[in-house]
Amino acid sequence: MVLSWVITLYTLWQMVELHEIVPGKRLDRYHELGQHAFGEKLGLWIIVPQQLIVEVGVDIVYMVTGGKSLQKVHQLLCPDCKDIRTTFWIMIFSSIHFIISHLPNFNSISVISLAAAVMSLTYSTIAWASSVHKGVHPDVDYSFRASTSPGKVFNFLNALGDVAFAYAGHNVVLEIQATIPSTPEMPSKIPMWRGVVVAYIVVAICYFPVAFLGFWIFGNSVDDNILITLEKPVWLIAMANLFVVVHVIGSYQIFAMPVFDMLETFLVKKMKFDPSFKLRLITRSLYVAFTMFVAICVPFFGGLLGFFGGFAFAPTTYYLPCIIWLVLKKPKRFGLSWTINWFCIIVGVLLTILAPIGGLRTIIVNAKTYKFFS
């Protein structure tokens, strides 16, 4: 986990630095950076599919998370009420996005994004603090969940994908940096890097205590989402789950905005549609409906994390920035920069190959006992 934090912070620094590598021009999209490095067509084909998979994959996971967190709140606050299907909770969560997805750009969701960041820090603190207050579980078990050797290996691979999924900012960092004014005296990379460092400190405060203390308290019985494992105090855990909902509402929009931009640009420039509110309404509503439908069909939080973490996040987060850096900066062969970048590339490629295997196997195992639309 610490190694992934360091590697992804380094590759994020590279992207911030490369944003204005062309004098007088700002590379405001990940695919524009890829096109500058690999050529107009090749850069587009290398970056855009990977970026789309990441952004759509994240939004599907956020649909599952939001729905299950709402369900947990209902179960905690009304234990005697009739249970409502997970499917319906995901639909309730998605209804919010059918409305706010029509906000025009990143600036218009800045308040939602800030609320999401605050909520993330708050519910993470509640999660690990509540765990510590609860104390170590009497029959805590720190052994592997799986009893067979193949099961242990597949779970390990899935866990690698889970870790990779935690770092997704690379896919939207250039779009965010594009909103920051840039002058020769104060290039955008300076305030952007400060923001990135603060964000990564917050990420460390959120992730590390939850992961390490959660395992120490509950061992291998902890759920993929620790807030599902916790039950008391009821009011505090319910509030934490509501904070999760607010967080994923904002985060969903952050990752959906670049998808909206790409879809609408394609429809207007290539398909010759008129840029109108009607086009935006149909396009964005269909996207929200698609992510909702997939989330309903495959609501397996842990498996989705592992699969998307390796299949899509590892390329865009761990090694594509390094390859672009090597192409554009051309560091001295076997020098420090060259060596670090190749190390990151090797780690990222291994993640891309291995993690999806574990994630897919987890989804298949869970699907055996799952009834669709339950």
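Mentor: Let us begin with K272, which is placed in the loop between helix 10 and helix 11 (277-297); helices here are DSSP runs of H or I with at least four residues, numbered from the N terminus. The model is predicted, so local features need pLDDT of at least 70 and side-chain atom pairs count only at pLDDT 80 or more, while totals for chains, interfaces and linings use all residues. Residues are numbered from 1 along each chain as its sequence is written, and side-chain values use heavy atoms, with hydrogens and water left out.

Trainee: What is the phi of K272?

Mentor: Most residues other than glycine have a negative phi. K272, however, has a positive phi, near 65°. Its relative accessible area is 64%, which makes K272 exposed; exposed means over 50%, buried under 20%, and partly exposed in between, with a 1.4 Å probe and protein chains only. A second case is K330, with a positive phi near 50°. K330 sits in the loop between helix 12 (301-329) and helix 13 (336-367), and K330 is exposed at 63%.

Trainee: Which residues of helix 6 are buried?

Mentor: An α-helix has 3.6 residues a turn, so residues three or four places apart point the same way. Helix 6 (residues 149-165) contains 17 residues and spans 25 Å from its first C-alpha to its last, close to the 24 Å expected at 1.5 Å a residue, the expected span being 1.5 Å times one less than the number of residues. Buried in helix 6 are G151, L157, N158, G161, A164 and F165. Viewed down the axis of helix 6, these buried residues fall within an arc of 145°, so they line one face; the arc is that of the directions from the helix axis to the C-beta atoms. On the other side of helix 6, S149 and F156 are exposed.

Trainee: How many disulfides does the count give?

Mentor: A disulfide is a covalent bond between the sulfur atoms of two cysteines. The rule applied here asks for a pair of cysteine sulfur atoms within 2.5 Å, and the count comes to zero. C322 is in no disulfide, and the nearest cysteine sulfur, that of C344, is 4.2 Å away.

Trainee: Is C322 buried or exposed?

Mentor: C322 is buried, with a relative accessible area of 0%. C344 is also buried, with a value of 2%.

Key: Helix = DSSP H or I, 4+ residues; strand = E, 2+ residues; numbered from the N terminus.
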